[in-house]
Amino acid sequence: MINKIPQSIEDFQNGLKNKSFSAVDLVGTYLSRIEKYDKDLNSFITISKEKAYEDAKRTDRIINEKGQKAFEEYPLLGVVISYKDIYLTKGIRTTAASKVLEGYIPEYSGTVVKRLEEAGSIMIGKTNCDAWAHGSSGENSDFGPTKNPWNKNYIPGGSSSGSGVAVAADFSLAAMATDTCGSIRLPANYCGVVGLKPTYGSVSRYGVIAMASSLDSIGHITHTVSDSQKIFECTKGVDGKDSTLKNSQNFIVGQNLKIGIPKEFFEGGLDNEVEKSIEEARKVFEKLNIEFVEITLPSTKYAISTYYIIQPAEVSSNLGRFDGIRYGNDRNFFGDEAKRRIMLGTFVLSSGYYDAYYSKAMKIRTIIIKEVEKAFEKVDAIMAPVAPTPPFKLGEKVSDPLKMYLTDIFAATANLSGIPSLAIPSGLTKNKLPLGFQLMGKKFEEDTLFHLGKMYQNKTNFHGNKPQGY
Amino acid sequence: MSKLTINEVDHVAKLAKLTLTPEETKKFQKQLSAVVDYFNELQKVDTTGVEPTSQTTGLLNITRNDEIDVTNILPPKDDYFVVSSILNKNDK
């Protein structure tokens, strides 16, 4: 057992290099923590214990054989990663947290899983999430809700609920997740960890169960911005399988960076503590000579309606393939939220309603994108809240889907316009629940976000806050 | 308030191949009506002359070369691929 769990890839690998612990020790420690604490938190659906030990032994062998050089060859050597249960993992059950796929074992692993394994990482298990990634709280899982380790009466944020909790509660060093409208940033924000939603088209969706194909982004959750960047460097880029991908060049981030504050995100309905925390974060950046400019994104107030038309439309199509013949159980096994989205999507695409809803939403998406592009003529990044409130209580919004959907109000802009966004923790409420903000960037300019995020984390230690009792 | 009728919910469920109980139909009618009603704010936006966006990459017609995996085929004979027969002569 390791007493002090390393909190970054650097600490992790230094420990392995110095032989302070072995990869087998690390895996053993994580597994015993999961066994001890996850009964309550419910962040995992499947634990891949056997494979994790196998990979750990392989890691220790590589380190013994190659020494320091091993870490140059395998940039993520030994890094223990959990995967949202919608990443296909060869030979390991993948359920999408839905009873439809309760017993589904994939024939292959997706591009990202493969790339991370080739980089030397170790898979420890598959994390819980809202079924089919439909939700903002984690409560739509057919395998039971995940609880927030900061306070078990609160939701951890969704849909990648288990991935946020797995990192916050030290069940894995990093967790892979997906973000169709905040599903990485929300749980990161509500669990006090870092979440990256990359540019649409930078990371392959091949081998990840599709939710809404024009919006799905493949990203991850970590403790630090620096780790987020290291993982992104391994996952991004063309793979010949997802035709939406483009390779991007790394670039040197310039001097005199400017951050835009979209005034519409701060008008009405924003929780006081969230607003104050962002104000404090702004001051940190200002002391580092980052200039702030007020910008306007007037149509973002329509983003959530636009999103909740386009997304269910794509969902209704993507979930059409689950007919009980090709995979898993029949359509009666869909939970309520999947049924709602399938029906909503079918409705907005149906004859007589297509023009009023779907076609209209696609046009407003264009308007939102143009406004975002215009804003980025003046600024390098946009700072905004991730969600209008801190984490809310379990059960608070489950019977009112519209109220739940409005949780995503600040997340939708990045997904509709395809830009990257990084969620960073910025402190705690007076009730000791995590707070944070997001930095949105220009397409394929994740490097600017990493640069700003690292500046912030060098000056603050909010990412060092840990939930008590774990 | 725009409201979905029970008939509309049943019709949409049928199109989507979902079987609903009468209780579910009632519950979803209420919930989906609230969401669709919220969408009506979009009617205020002037979209005259605006092109719709269906994807954000700007990429078009991404193709790859077709590559034949020759490891699983028998050697070609007179420009034809030979495969094992799947029907027996005696099959009627």
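In this predicted model, the axes of helix H11 (residues 336-349) of chain A and H2(B) come within 11 Å of each other and cross at roughly 55 degrees. That angle makes H11(A) oblique to H2(B), and the crossing of the two helices is right-handed. On the chain A side of this pairing stand Arg340(A), Met343(A) and Leu344(A), which meet Phe28(B), Gln31(B), Leu32(B) and Val35(B) on the side of H2(B). Sorted by class, the contact of H11(A) with H2(B) has 5 nonpolar, 1 polar and 1 charged residues.

H11(A) also packs against H1(B), where the axes come within 9 Å and cross at roughly 100 degrees. Here H11(A) is therefore roughly perpendicular to H1(B), since angles of 65 to 115 degrees fall in that class. The residues that meet are Met343(A), Thr346(A) and Phe347(A) from H11(A), and Val12(B), Ala13(B) and Leu15(B) from H1(B). The contact of H11(A) with H1(B) divides into 5 nonpolar residues, 1 polar residue and no charged residue.

| Helix pair | Axes come within | Crossing angle | Classes of residues in contact |
|---|---|---|---|
| H11(A) and H2(B) | 11 Å | roughly 55 degrees | 5 nonpolar, 1 polar, 1 charged |
| H11(A) and H1(B) | 9 Å | roughly 100 degrees | 5 nonpolar, 1 polar, no charged |

Taken along the principal axes, the C-alpha atoms of chain B fill a box of roughly 70 × 45 × 20 Å, and 15% of the 92 residues of the chain count as buried.

Chain A has 15 helices and 11 strands. For its 470 residues a compact globule would have a radius of gyration near 23 Å, and the 21 Å of chain A agrees with this. The box filled by its C-alpha atoms, again along the principal axes, is roughly 65 × 60 × 45 Å, and buried residues make up 59% of the 470 residues in chain A. Among contacts in chain A between residues at least 6 apart in sequence, 78% join residues at least 24 apart.

Several residues of chain A deserve a note on their backbone. Most residues other than glycine have a negative phi, and most peptide bonds are trans. Against that background, a cis peptide bond joins Gly158(A) and Ser159(A), with omega about 5 degrees, and Ser159(A) is found in the loop between strand S3 (122-127) and helix H6 (161-168) of chain A. The loop between S3 and H6 of chain A is also the place of Ala133(A), which has a positive phi of about 70 degrees although it is not a glycine. Ala133(A) is buried, with 29 other C-beta atoms within 10 Å. A positive phi, near 60 degrees, is likewise found at Asn42(A), a residue other than glycine, which lies in the loop between helix H2 (23-41) and strand S1 (44-47) of chain A. Asn42(A) counts as buried because it has 21 C-beta neighbours inside 10 Å, where 20 or more are needed.

A further loop residue, Asp242(A), is found between helix H8 (225-235) and strand S7 (258-262) of chain A. With 18 C-beta neighbours inside 10 Å, Asp242(A) counts as partly exposed. Leaving aside neighbours within four places in sequence, Asp242(A) is in contact with Ser204(A), Arg205(A) and Tyr206(A). Asp242(A) and Ile63(A), by contrast, are 179 residues apart in sequence and 34 Å apart in space, C-alpha to C-alpha.

Terms used. Residues are numbered from 1 along each chain as its sequence is written. Chains are lettered from A and ligands numbered from 1 in the order in which they are written. This is a predicted model: local features need pLDDT of at least 70, side-chain atom pairs count only at pLDDT 80 or more; totals for chains, interfaces and linings use all residues. Helices (H or I, at least four residues) and strands (E, at least two) are DSSP runs, numbered from the N terminus. A residue is buried if 20 or more other C-beta atoms lie within 10 Å of its own, exposed if 12 or fewer, and partly exposed in between; C-beta atoms are placed from the backbone. Axes are lines fitted to C-alpha atoms, for helices over the stretch in contact, and angles run from 0 to 180 degrees between N-to-C directions. Angles under 35 degrees count as roughly parallel, over 145 as roughly antiparallel, 65 to 115 as roughly perpendicular and the rest as oblique. A crossing is left-handed if the near helix is turned anticlockwise from the far one by less than a right angle, and right-handed if clockwise. Two residues are in contact if their C-beta atoms, placed from the backbone, lie within 7 Å. Ala, Val, Leu, Ile, Met, Phe, Trp, Tyr, Cys and Pro count as nonpolar, Asp, Glu, Lys and Arg as charged, and the others, Gly among them, as polar. The radius of gyration is taken over C-alpha atoms; the globule rule is 2.2 Å times the number of residues to the power 0.38.
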